[in-house]
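Please examine the structure shown here and work through the questions that accompany it.

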Amino acid sequence: MLENLDPVVLARFQFAFTVSFHIIFPAFSIGLASFLAVLEALWLWTKREVFINLFNYWVKIFAIAFGMGVVSGIVMSYQFGTNWSVFSDKTGPVLGPLMAYEVLTAFFLEAGFLGVMLFGLKLVGPRLHFLATLMVAIGTLMSAFWILSANSWMHTPAGYAMNDAGQFVATDWFALIFNPSFPYRLVHMVLAAYLTTALVVGAVGAYHLLSNTRQPGARTMFSMAMWMIAVVAPIQIFAGDLHGLNTLEHQPTKVMAMEGHYQSHPDGAPLILFGLPDQDAAVVRYALEIPKLSSLILKHSLDAPLAGLDTVPREDWPPVPITFWSFRVMVALGFLMLGLGLSGLWLRWRGRLFESRPLHRFAMAMGPAGFVAVLAGWVTTETGRQPFTVFGLLRTTESVSPLAAPAVASSLIAFIVVYFAVFIAGTVYILRLMAHPPHHGEEGPRGDMPERAAGITPAPAIATRRFS
């Protein structure tokens, strides 16, 4: 039975499965690292105990999420050699150095300071410990910088040439790193990470406020999260619009798929709110649309013409149904986040931010929304690039390793079993930590560390305790 499956489809599904598990952890840890740095800075500035209690509360959750992100990322990277060896060979001279820069800068920075951040508050002093926290936060942002630069180059390749072996090689590293879509993609992803973290922090604060509105830790984290959502959500919508305009310029077929425009519209294109795209018939069935609004959004003119997929060879079409719907999921959640932020501002002005149970339930319901929106955004981005791995230059069917379907299927099954076992266990443990409110004298992570890291081993004392 496995011999009849398409190995390219299986390889794509395996990578989609592993990257979906992986992306939710960096999306959370990027924002959470910055949140921890803000909490520690506020503690050093104000000397209020609530901030260090919240720091110790969330740093334990960060440690688990960070660890799962690292593990899932390492496993995912092996697939470039196993399932996508042709892609690795052709793009290695470009993408290999970018991955190395991420290791040499972000990963080393995080690895060098993570232990101090997790276990060193009482050992190195508050100011040096804050420096370690700040370095970890900067490291997570630098990691996003390099990963998104590499990913963006695959969408909008620049600064390259082809050598005699058919490989992409860099001719201008600045143009390659800062390729046309990279600034928009970086801003959009970092803001998404901050929103994801704010929604989780807000949901945890709301959960504890529902049982006791006087908890200082719950009140502080909920207030900070609502401020963050109210500020970042509208900025994210604006950044997303700019990203869309950039995509229209450099990847118009992706926008055609996102909008469901199978046909060209010379006198203004409608905005299709909902419908069922039919890839074979090249039509969106049961479409609910607003006339000419898509032209207004994308070209800022009601009568501006927009080309459709009928101007593109069918073999270059993205899978419209999944791109169409994932984009709508992302946009809908974005506007719900904006609604939550505005609701928080209104109730804060009314003096009912900590007493409004409907707001708290709304915030709890929106807790996972950031993760879903990030996944929907990545699905939109990556399926909209198809049928290419390097847009317009290297097809997906030309990038896969010469593997038989049973080999890919067996590794896919193994990934599914292990990922669900390990990551569900980790997620359940994180939820158990979140179920307990931060309290007075909250302790951070505890490691089984020796009493002394260097110097004379206190052997007499150990012997006395052991044999007395």
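Predicted model: local features only at pLDDT ≥ 70, side-chain atom pairs only at ≥ 80, totals over all residues.

Q: Which element gives the largest share of the lining of the second largest pocket?
A: The second largest pocket has a volume of about 1100 Å³. Among its 41 lining residues, the closest to its centre are H188, G240, F327, M330 and V331. Elements that give two or more residues to this lining are α7 (182–211), α8 (216–250), α9 (252–259), β3 (271–278), α10 (293–299), α11 (320–349) and α13 (369–385). The largest share, 9 residues, comes from α8.

Q: At what angle do α11 and α13 pack?
A: Two packed helices are described by the angle between their axes and the distance between the axes. For α11 and α13, the crossing is left-handed. Their axes are 8 Å apart, and the angle is about 145°.

Q: How many charged residues are in the contact of α11 with α13?
A: On the α11 side, the contact includes I322, F327, M330 and L333. The α13 side includes A369, G370, V372 and T380. The residues of this contact divide into 11 nonpolar and 7 polar, with no charged.

Q: How far apart do the C-alpha centres of domain 1 and domain 2 lie?
A: Domain 1 comprises 1–179 + 404–445, and domain 2 comprises 212–378. Their contact takes 21 residues from domain 1 and 14 residues from domain 2. The C-alpha centres of the two domains lie apart by 25 Å.

Q: Where is P387, to which the peptide bond from Q386 is cis?
A: The bond from Q386 to P387 is cis, with omega near 10°. Most peptide bonds are trans. P387 is found in the loop between α13 and β5 (388–390).

Q: What is the phi of K47?
A: K47 lies in the loop between α1 (7–46) and α2 (49–82). Most residues other than glycine have a negative phi. K47 is not a glycine, yet its phi is positive, about 65°.

Key: Residues numbered from 1 in each chain as written. Heavy atoms only, no water. 1 Å grid on protein atoms, 1.4 Å probe; cavity = no way out; pocket = protein on both sides within 12 Å on 5 of 7 lines; lining within 4 Å. Points joined across faces, edges and corners; volume = space filled by probe spheres on them. Helix = DSSP H or I, 4+ residues; strand = E, 2+ residues; numbered from the N terminus. Axes fitted to C-alpha atoms, helices over the stretch in contact; angles between N-to-C directions. Left-handed = near helix turned anticlockwise from the far one by under 90°. Contact = heavy atoms within 4.5 Å. Nonpolar A, V, L, I, M, F, W, Y, C, P; charged D, E, K, R; others polar. Domains from an automatic or database assignment.
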